[in-house]
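Biologist: I am new to this structure. Please show me how to read a few of its features.
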Amino acid sequence: MPNIKIFSGSSHQDLSQKVADRLGLELGKVVTKKFSNQETSVEIGESVRGEDVYIVQSGCGEINDNLMELLIMINACKIASASRVTAVIPCFPYARQDKKDKVRCLRAPISAKLVANMLSVSGADHIITMDLHASQIQGFFDIPVDNLYAEPAVLKWIKENIPEWKNCTIVSPDAGGAKRVTSIADRLNVDFALIHKERKKANEVDRMVLVGDVKDRVAILVDDMADTCGTVCHAVDKLISAGAVKVYAILTHGIFSGPAISRINNACFEAVVVTNTIPQEEKMKHCPKIQVIDISMILAEAIRRTHNGESVSYLFSHVPL
């Protein structure tokens, strides 16, 4: 693959290395550091003139620092005459702040739109991300955005690791994820259900109502992300009380902040499966229920197709049943 460079930010160098390995490339040389006043400094250690540049940086860890680092890396490559700069952001930061909440606060910011503006102004020509919390975030950009899906990897994991998958129900822990679970249920030719939740405030669920049947079945909770895990842990209790024999949770982005790990350990999950859009090594040491799906192949193939001018949507429209 000529005229292509891949650089890694600080947030998830292991994933960046896996993507580069799958493409048969070496990661580009970049030095990131902080001055004594905590300003971020980035030095690109090789020429990018005329190159198709991809910068891999996930929205995790020290999110604000990592976002600033990404913006500086994009700008550094752009003013060094890169022909195109693509930000590969497996987990998009601030994705949950995608709208004003008319009930809670009319003066709330739409921070996801602000992040989109910052990426565009820094010089990004293209964005590659995965399982956006809300698909309309793509409309916040005036540059091309490819929103990849973990669905092919999820389907493969279900078929290989859940023997009773033909007698399962795919469950969305909220109404917003209905489209996601119906797509997976259709691919597996199984039933789906959803849980309607009411929140008293952010990160705190008040009441849940199950819509669908899970009695004497394996229930598979599917969502785009889990933060403090209050929702999924309430959901597993609801599913067990409704007669589910086993409950799995499959989540694209495992943020697992605050009391998340202790909640998972105390909940009746067979397994909590996440992708490696966010590093999970430390969390797996404290929670044996966490398992990880590698999505580096999906990212690498999207980069290859983008570089070669091929269809990225083909990745998902031609997934074998």
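Modeller: Start with polar contacts. A polar contact is a pair of N or O atoms within 3.5 Å; within protein, one must be able to donate a hydrogen and the other to accept it. Keep in mind that this is a predicted model.

Biologist: With which side chain does the side chain of S8 make a polar contact?

Modeller: With the side chain of S16, at 2.9 Å. S8 itself sits in strand β1, residues 4-8.

Biologist: Is S8 buried or exposed?

Modeller: Buried means under 20% relative accessible area. S8 has 8%, so S8 is buried. Leaving out residues up to four places away in sequence, S8 touches Q13, S16, L27, V30, V56 and M73.

Biologist: Now the rings. How is a pair of aromatic rings described?

Modeller: By the distance of the centres and the angle of the planes. A search of the whole structure gives two aromatic pairs. One is F92 with F141: 6.0 Å centre to centre, 80° between the planes, edge-to-face. F92 is in the loop between β5 and α3, F141 in the loop between β6 and β7. They are 49 residues apart, so the pair links distant parts of the chain. Both F92 and F141 are buried.

Biologist: Why is the pair of W157 and Y248 edge-to-face?

Modeller: Planes over 60 degrees apart count as edge-to-face. The planes of W157 and Y248 are at 70°, so the pair is edge-to-face; the centres are 6.2 Å apart.

Biologist: Which parts does this pair tie together?

Modeller: W157 lies in helix α4 and Y248 in strand β12, so the pair ties together parts 91 residues apart in sequence. W157 is buried at 10% relative accessible area, and Y248 is buried at 7%.

Definitions and conventions: Residues are numbered from 1 along each chain as its sequence is written. Side-chain values use heavy atoms; hydrogens and water are left out. Helices (H or I, at least four residues) and strands (E, at least two) are DSSP runs, numbered from the N terminus. Buried means under 20% relative accessible area, exposed over 50%, partly exposed in between (1.4 Å probe, protein chains only). Contact means heavy atoms within 4.5 Å. Rings of Phe, Tyr and Trp (its six-membered ring) pair if their centres lie within 6.5 Å; planes under 30 degrees apart count as stacked, over 60 as edge-to-face and the rest as tilted.
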